[in-house]
Amino acid sequence: MKGTIKAVLFDLDGTLLDTAPDMANAANCVLHDYGLPPLNDAQIQANTSHGARGLLRAGFGDSLEGRDIDSLRLSFLDHYEKNICTDTKFYEGVTDLIAQLSARNIPWGIVTNKPGFLTEMLLPYFPELEQTQALVCADTLSRAKPHPDPLIFAAGLLSMLPSECLYVGDIKNDIVAAKAADMHSAVAAWGYIGAEQNPIEWDADLIFNKAVGILSLF
């Protein structure tokens, strides 16, 4: 595979940034409003990459039945927006990876299912990520991941064919999207992978335990 990959696209939450503390805090605020206990560590680990709906479903459990999930999501987003970067941080090795990709003139971008307005609020806290050459969010196009459109669009922004790109993410849907887009795929095993999940079963091309391991492809 070395030599065939000319660009890298990344998921954001659980791949480049550990946003779990701030996202979990927003979910816990909603749960508190409804008299429910906060999420435990296992629930946070397994559901952060599934966004507001994933965290809220984990927290509400069976009591979610009959509730308006869209209304709960809006409440989550309101809490999250107010405290979007209190404890969010880079994963270990990500800044080195980005610096090396840039130094080697390897194009890279971000394809996330995070809403655009939240992504644009968050990235200024991490100037390295503002150097991205492609940014595609949940609402950039009419369809989000796991549909392949966002990945194909991002490849075009990098002036690359999808087959020349590697997509790196931490949930199965990231791998599904990459395969549907005819991209190479890699699991960010350092991300939000629950104990009951087995990334080997996702049929990704590669699994990396450390972010800097991606540099071995170039």
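Me: What do the buried residues of helix 5 pack against?

Reply: This is a predicted model. In it, the buried residues of helix 5 pack against strand 1 (7-10), strand 3 (89-90) and strand 4 (108-111).

Me: Which residues of helix 5 are buried?

Reply: Val94, Leu97, Ile98 and Leu101 are buried, in a helix that covers residues 94-103. Seen down the axis of helix 5, the buried residues fall within an arc of 95°, so they line one face of the helix.

Me: What happens to phi just after helix 5?

Reply: Asn105 takes a positive phi there, of about 60°.

Me: OK, sheet next. What order do the strands of the open sheet take?

Reply: The order is 5-4-1-6-7-8. The sheet is open, has six strands and pairs in parallel.

Me: Which strands stand at the edges?

Reply: Strand 5 (135-136) and strand 8 (206-208). Each has a single partner strand, so one side of each is left without a neighbour in the sheet.

Me: And strand 6? How many of its residues are buried?

Reply: Five of the five, residues 165-169. Strand 6 is therefore largely enclosed by the rest of the structure.

Me: Which way do the residues of strand 6 point?

Reply: Cys165, Tyr167 and Gly169 point one way. Leu166 and Val168 point the other way. Residues on both sides are buried.

Me: How many bridges join strand 1 to strand 6?

Reply: Four, and the two strands run parallel. Val8 stands opposite Leu166. Phe10 stands opposite Val168.

Me: What about strand 6 to strand 7, how many bridges there?

Reply: Four bridges join them, again with the strands running parallel. Strand 7 covers residues 184-188. Val168 stands opposite Ala186 in strand 7.

Me: Which residues lie nearest its centre?

Reply: Ser49, His50, Gly51, Ala52 and Asn113 lie nearest the centre of the largest pocket. They belong to a lining of 26 residues.

Me: Which elements give two or more residues to that lining?

Reply: Helix 3 (51-60), helix 4 (69-82) and helix 8 (172-180). The largest share comes from helix 3, with five residues.

Me: How does the lining divide into nonpolar, polar and charged?

Reply: Nine residues are nonpolar, eight are polar and nine are charged.

Me: Is Ser159 buried or exposed?

Reply: Ser159 is exposed, with a relative accessible area of 65%. The cut-off for exposed is over 50%.

Me: And Asp182, what's its phi?

Reply: Near 65°, a positive value in a residue other than glycine. Asp182 lies in the loop between helix 8 and strand 7. Asp182 is exposed, with a relative accessible area of 53%.

Definitions and conventions
Residues are numbered from 1 along each chain as its sequence is written. This is a predicted model: local features need pLDDT of at least 70, side-chain atom pairs count only at pLDDT 80 or more; totals for chains, interfaces and linings use all residues. Side-chain values use heavy atoms; hydrogens and water are left out. Buried means under 20% relative accessible area, exposed over 50%, partly exposed in between (1.4 Å probe, protein chains only). The arc is that of the directions from the helix axis to the C-beta atoms. Contact means heavy atoms within 4.5 Å. On a 1 Å grid over the protein atoms alone, a cavity is a set of points where a 1.4 Å probe fits but cannot get out, and a pocket is an open set with protein on both sides within 12 Å along at least five of seven lines; lining residues have an atom within 4 Å of a point. Ala, Val, Leu, Ile, Met, Phe, Trp, Tyr, Cys and Pro count as nonpolar, Asp, Glu, Lys and Arg as charged, and the others, Gly among them, as polar. Two strands pair if DSSP finds at least two bridges between them.
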